[in-house]
Amino acid sequence: MIPQEKTAAVTRGLQEAFGVTEWEDIRRLTRGHTSALVFRIVVQGTPRLLRIIMRPNAAIGPERQFACMRSAADAGLAPRVWYTSTADQISITDFVEETSFSASEALVRLPAVLRTLHSLPPFPRVLTGFNTTCTFLLNDAAGSGAFFQRIQTANVFSKSASEELSACHARIAAVYPRPDREAINADMVSSHNDLFKPDNILFDGQRVWLVDWEAAFLNDRYADLAAVANLVVTNDAEETTYLREYFGQPPCEYQRARFFLMRQAAHLFYAAVFLMLGSPDVPVKPTDAAPEAIHFVRRMWAGEVDLAGKDARLAYGRIHWAQFVQNLAHPRLDQSLEIVADRHPSSIGN
């Protein structure tokens with residue numbers, strides 16, 4: 001079950017962490033979307049999680065992932081780390097026995113988790129070409145240009161839909177504060193960056209744990225906030241609750257505007273990515289039907305939707321596209337653009 005070339009490395013890890021060279025039980029875990037091999041192992045009667053990186057990302061490296069994971073574990077956000085080896089690319093942590101976690105409970109619990117995460121000492125900044133969140137659409141002109149070129153080449157959207165997408169992106173990117181536009185940006189914080197997947201949010205009945213820190217780096221706080229909101233926030237009242245729990249007080253109009261614009265960027269990003277992954281035969285149009293969003297997201301939160309499947313990816317992409325199109329006509333878009341532009345006038349046109 002353990003690849004032969006990793007056997008010695010796992011043995012070293014067990015010896016250093018627990019003083020043994022064997023486990024009592026092992027079971028491979030296949031839930032989630034990762035190129036790593038993940039196992040539940042029982043050592044000295046206690047379950048642990050063994051993770052073996054098989055295809056390291058050259059842009060980030062396991063040392064960054066392990067450092068962020070340890071920082072989060074020290075803060076009680078990630079399971080205890082027993083062993084890591086950047087040379088062998090393996091880690092051993094506590095295993096979390098999950099229990100059910102309703103979206104309504106998550107709406108209140110998760111903002112506090114994000115607040116603690118975003119208060120950690122700064123994670124390393126992202127390297128060029130690695131950012132897998134929607135913030136690269138706002139921060140990296142060259143990268144976003146290549147992204148939109150891919151969309152056009154893939155023929156994901158009709159011409160009119162593609163034009164709407166590009167125009168809205170340009171309006172948001174023109175006013176949204178970028179790290180290189182701000183001498184000091186308090187909203188650049190330690191971020192997980194892969195929380196659109198419920199697989200990375202575990203609940204043991206008492207506390208929430210965040211796992212899989214491969215994409216962690218210093219990022220705009222609203223990226224994590226938007227990704228989690230897409231799982232648990234379904235209306236304006238829930239948005240107010242969510243942001244109040246995160247900020248510790250009712251959100252101001254500027255915070256609501258930043259949040260709304262980042263959610264719009266997220267809808268754009270995930271629509272394009274998952275429609276391309278779903279490989280539709282016909283370009284999506286604004287009038288194309290999408291699954292009922294709340295029902296789909298609730299099923300996703302409950303673990304009933306696997307985004308590894310083509311149909312699920314296509315449905316997920318259509319949901320984000322439908323929300324994106326709906327928001328294009330919402331008065332709040334213009335209001336949010338104006339509020340953010342007024343706060344950061346030097347950003348406009350740069």
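**Close-up views of a predicted model**

**View 1. D342 belongs to helix 12, residues 331–343.** Helices are DSSP runs of H or I with at least four residues, strands are runs of E with at least two, and both are numbered from the N terminus. D342 counts as exposed because its relative accessibility is 58%. Exposed means over 50% relative accessible area, buried under 20%, and partly exposed in between (1.4 Å probe, protein chains only). This is a predicted model, with local features needing pLDDT of at least 70 and side-chain atom pairs pLDDT 80 or more, while totals for chains, interfaces and linings use all residues. Residues are numbered from 1 along each chain as its sequence is written, and side-chain values use heavy atoms, leaving out hydrogens and water.

**View 2. F196 and F274 form an edge-to-face pair.** Rings of Phe, Tyr and Trp (its six-membered ring) pair if their centres lie within 6.5 Å; planes under 30 degrees apart are stacked, over 60 edge-to-face, the rest tilted. Here the centres are 5.8 Å apart and the planes meet at 65°. F196 sits in the loop between strand 6 (188–191) and strand 7 (201–203), and F274 in helix 9 (residues 253–278). Both residues are buried.

**View 3. F296 and Y316 are stacked.** Their centres lie 6.3 Å apart, with 25° between the planes. F296 is in helix 10 (residues 293–301) and Y316 in helix 11 (residues 310–328), so the pair ties together parts 20 residues apart in sequence.

**View 4. R80 lies over the face of W82.** The distance to the ring centre is 3.7 Å. A charge sits over a ring if NZ of Lys or CZ of Arg is within 6 Å of the ring centre and within 35 degrees of the ring normal.
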